[in-house]
Amino acid sequence: MSKIVVIGANHAGTAAVNTILDTAPDQHQVVVFDANSNISFLGCGMALWIGGQISGPEGLFYSSQKLLQQKGAMVHMLTTVTKIDFDRKIVYAEGGDHTRYEEPYENSF
Ligand SMILES: Cc1cc2nc3c(=O)[nH]c(=O)nc-3n(C[C@H](O)[C@H](O)[C@H](O)COP(=O)(O)OP(=O)(O)OC[C@H]3O[C@@H](n4cnc5c(N)ncnc54)[C@H](O)[C@@H]3O)c2cc1C
């Protein structure tokens with residue numbers, strides 16, 4: 001089983017995680033880091049919210065930490081990747097609570 005680290009879990013990151021875990025769920029361990037507090041934010045929906053066509057921001061997300069974790073990903077929110085050592089293949093990240101991560105990988109997206 002190879003480990004894949006996904007940096008950023010908005011549209012590109014969510015698509016990567018879904019594709020990896022939907023097509024080859026038992027072949028890859030997926031670790032996700034996002035500096036933000038949410039996943040899959042539809043920026044284009046802001047106009048609908050501001051224009052009163054939808055009542056709140058709830059409809060502006062089509063995925064979540066929970067949904068990605070249910071598929072088997074390890075998802076770290078509010079955690080910023082601070083450095084990538086491409087030679088040693090290690091991703092370094094720090095959480096809002098100052099927890100530090102050193103995540104080795106075989107592949108990165
Ligand atoms: C108001 C608004 C309206 C828009 N309307 C449209 C539209 O109508 N049509 C359209 O096609 N596009 C629209 N867009 C653009 C669209 O939202 C972007 O093209 C899209 O979000 C890009 O997705 P992405 O996943 O590639 O990157 P991003 O959305 O930029 O996601 C990057 C993710 O990586 C995370 N990240 C970045 N650096 C780090 C780090 N060091 N460590 C950890 N995490 C990190 C960020 O927190 C973020 O979640 C709109 C954007 C906005 C803001």
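I began at the ligand and found one of its oxygen atoms 2.6 Å from an N or O atom in the side chain of D34. I count a polar contact as a pair of N or O atoms within 3.5 Å; within protein, one must be able to donate a hydrogen and the other to accept it, and residues adjacent in sequence count only if both atoms are side-chain atoms. The protein covers 43% of the 1,000 Å² of accessible area that the ligand has on its own. Accessible areas come from the Shrake-Rupley method with a 1.4 Å probe, and for residues only the protein chains shown count as cover.

I noted what I was working with. This is a predicted model: local features need pLDDT of at least 70, side-chain atom pairs count only at pLDDT 80 or more, and totals for chains, interfaces and linings use all residues. Residues are numbered from 1 along each chain as its sequence is written, and side-chain values use heavy atoms, with hydrogens and water left out.

I looked at backbone partners next. A polar backbone atom of A12 is 2.8 Å from an oxygen atom of the ligand. For A35, a polar backbone atom is 3.0 Å from a nitrogen atom of the ligand.

I then listed the whole shell. It holds 13 residues, the closest being N10, A12, D34, A35 and V81. To be near, a residue needs a heavy atom within 4 Å of the molecule or strand. Which element gives the most to the shell? That is β4, with 3 residues. By class I find 5 nonpolar, 7 polar and 1 charged residues. Here Ala, Val, Leu, Ile, Met, Phe, Trp, Tyr, Cys and Pro are nonpolar, Asp, Glu, Lys and Arg are charged, and the others, Gly among them, are polar.

**The fold**

I counted 3 helices and 7 strands. From the N terminus the order is β-α-β-α-α-β-β-β-β-β. Helices (H or I, at least four residues) and strands (E, at least two) are DSSP runs, numbered from the N terminus. The C-alpha atoms fill a box of roughly 50 × 35 × 20 Å along the principal axes. Of the 109 residues, 36% are buried. Buried is under 20% relative accessible area, exposed over 50%, partly exposed in between (1.4 Å probe, protein chains only).

**The cores**

I turned to the largest nonpolar core, which has 13 residues. A nonpolar core is a set of buried Ala, Val, Leu, Ile, Met, Phe, Trp, Tyr and Cys residues joined through side-chain atoms within 4.5 Å. Those with the most contacts inside it are V17, V30, V32, A73 and V75. The elements giving two or more residues to this core are β1 (2–7), α1 and β2 (28–33). Helix α1 gives the most, with 3 residues. Another core, of 6 residues, lies apart from it and includes F33, V91, A93 and Y105.

**Two side chains**

I checked N18, which sits in helix α1. Its side chain makes a polar contact with the side chain of K71 (2.8 Å).

I ended at E103, in strand β6 (residues 100–104). Is E103 buried or exposed? It counts as buried because its relative accessibility is 13%. The side chain of E103 makes a polar contact with the side chain of K3 (2.4 Å).
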